Each structure stands twice: as C-alpha cells, then as structure tokens.
Amino acid sequence: MKSFKVYTVIWALCFAVFSLAAFLIPLPTRFCGVFWVGYIFITVTFLLQLACSFFALKSNEPQKTVYNLPTFKASFTGLAAMLIAGGFAMIIPSFPMWLCILLCSAVLAATLIGVILTLVFSKTVGGIDKKVRTYSFVMRSLTADAEHIMASADEPEIKATAKKVYEAIRFSDVMSNSALEQLDTSIQRQFSAFEDAVSSKDTELSVALGEELLVLIDERNKRCRLLK
C-alpha cells in the first residue's frame, strides 16, 4: 500500500501538469468540441490507470505485486496511447469530431481489453501458485511426520518400512496439478492409516499399508513426469 501512496502523488502531479497544459496553452482548438472529447477521454484513461495501479500495488506481498504488474503495464501503455490520440485531437484544428471519438474509443477499448486479459492472467497464475504452495506445505508436513514415525518405530520391520516411506516422500515431486488431486487425497488418507497402524505397533498391518503407500507415491511421481 505504501508503494501505491507514493505512486498516487506521482499520478496527481502528472495529471495536474496535463490539465494545466491543456487549459493554459493557447491551443487553436481550445474549448472546442474536439478539445473536450480529447480531454475527457484522456481524463477517463488517467482514472482507469489509477484504479489499475491501486490493484497492482495495494498488496504488501512482493509475489502478488509481481503477478499484478502486467495489469499496471497494460493500463500505463493505454494511457500513453490515449495521450497521443487525444493530444492530436486537442491540438489539430481540422481534426474531425467523428474521427476523434472513433480513435479515442478504440484506444480506450483496447486498454480495457488489455487490462481484463492481464487480470485473468494474474488470477490464474496466482491460483496455480497458491495450489503449488499448499501442496508443497502438505508434502513437507508429511516428510516431517514420516521422519518422526521412522525415528519412533521400535519393530525392525516397521522401522524399515517407515524408512522407505520417509525416503519416498522426501524425494517425491512437489508438482501440483488438478489431475493429481484425487491421488494426493488418497496418499494423505493412506498415510494417516499407516501412521495409526505404526502407533498401535501392528507390524503386519503397518508393513502392508506402507507398501500400498509406496505404490501410491510411485504412481504419483510417474504421473508428474507425464504431465511435465
């Protein structure tokens, strides 16, 4: 939010300079129809750019700010294009009204489309990143739990199986994908059952569940390789 406050000051100075130049410079088209069309379109684009800047810079998380930068860039590019298009209309006396409206409308529409596309992109990438970070946390948690089970196991067979499970999870691919969600759920459920079996010191059940868990982890790693 601090970045946005600083940018707002810069934005206000730029808009003030533009408005002063528009009204103080003795342009031949001053206060004519094309002058007001150009000025209004530029003002609207200035306000749109400020709104996009708020969206892009409001977060205090650097990662979210990076994801929102394309929106900021799209709005800034649109503002620069509108300053050129609207500026010509405000300066050139013979500029037709219909052409001025058409040109400025096209620039504004292109800016809006660019902003919308970047918003969709930011939301999509942010959602994927959140899912990856969530699953990465789950895998780290499972790794820690598996290490604890391995260290606390007394029976040699259970300890050997727990070690295999720990190493399998530790070196497992942390990739996240919607195609893996059902398998990820099965792995977490199977791990909970394995943990309960080890806690109850049921050697036969622990070894059986551990082997099934290893198969699930191996299947997930194979799917990860296919999805890359």
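Buried, on this tour, means under 20% relative accessible area, exposed means over 50%, and partly exposed is in between (1.4 Å probe, protein chains only). You're looking at a predicted model, where local features need pLDDT of at least 70, side-chain atom pairs count only at pLDDT 80 or more, and totals for chains, interfaces and linings use all residues. Residues are numbered from 1 along each chain as its sequence is written, and side-chain values use heavy atoms, with hydrogens and water left out.

**Whole chain.** Start with a cartoon view. There are seven helices and zero strands, where helices (H or I, at least four residues) and strands (E, at least two) are DSSP runs numbered from the N terminus. Buried residues account for 39% of the chain's 228 residues. Take the contacts (heavy atoms within 4.5 Å) with a separation of 6 or more: 76% of them link residues 24 or more positions apart.

**Largest core.** Now select Phe18, Phe41, Ile42, Phe46, Met82, Met90 and Cys100, the residues with the most contacts inside the largest nonpolar core, which has 31 residues. Such a core is a set of buried Ala, Val, Leu, Ile, Met, Phe, Trp, Tyr and Cys residues joined through side-chain atoms within 4.5 Å. Helix 1 (2-24), helix 2 (33-57), helix 3 (62-91) and helix 4 (97-152) each give two or more residues to this core. Helix 2 gives the most, with 12 residues.

Zoom in on Ile42. Leaving aside residues up to four places away in sequence, Ile42 touches Phe18, Leu79, Met82, Leu83, Gly86, Gly87 and Met90.

**Two cysteines.** A disulfide needs a pair of cysteine sulfur atoms within 2.5 Å, and the count comes to zero. Cys100 is buried, at a relative accessible area of 1%, and Cys104 is buried too, at 1%.

**Helices 5 and 6.** Select residues 156-170 and 181-199: helix 5 and helix 6 pack at about 155°, with axes 12 Å apart. Axes here are lines fitted to C-alpha atoms, for helices over the stretch in contact, and angles run from 0 to 180 degrees between N-to-C directions. That makes helix 5 roughly antiparallel to helix 6 (an angle over 145 degrees). Show side chains, and you'll find Ile158, Thr161, Ala162, Val165 and Ile169 of helix 5 meeting Phe191, Phe194 and Val198 of helix 6.

Technical notes: Parallel < 35°, antiparallel > 145°, perpendicular 65-115°, else oblique.
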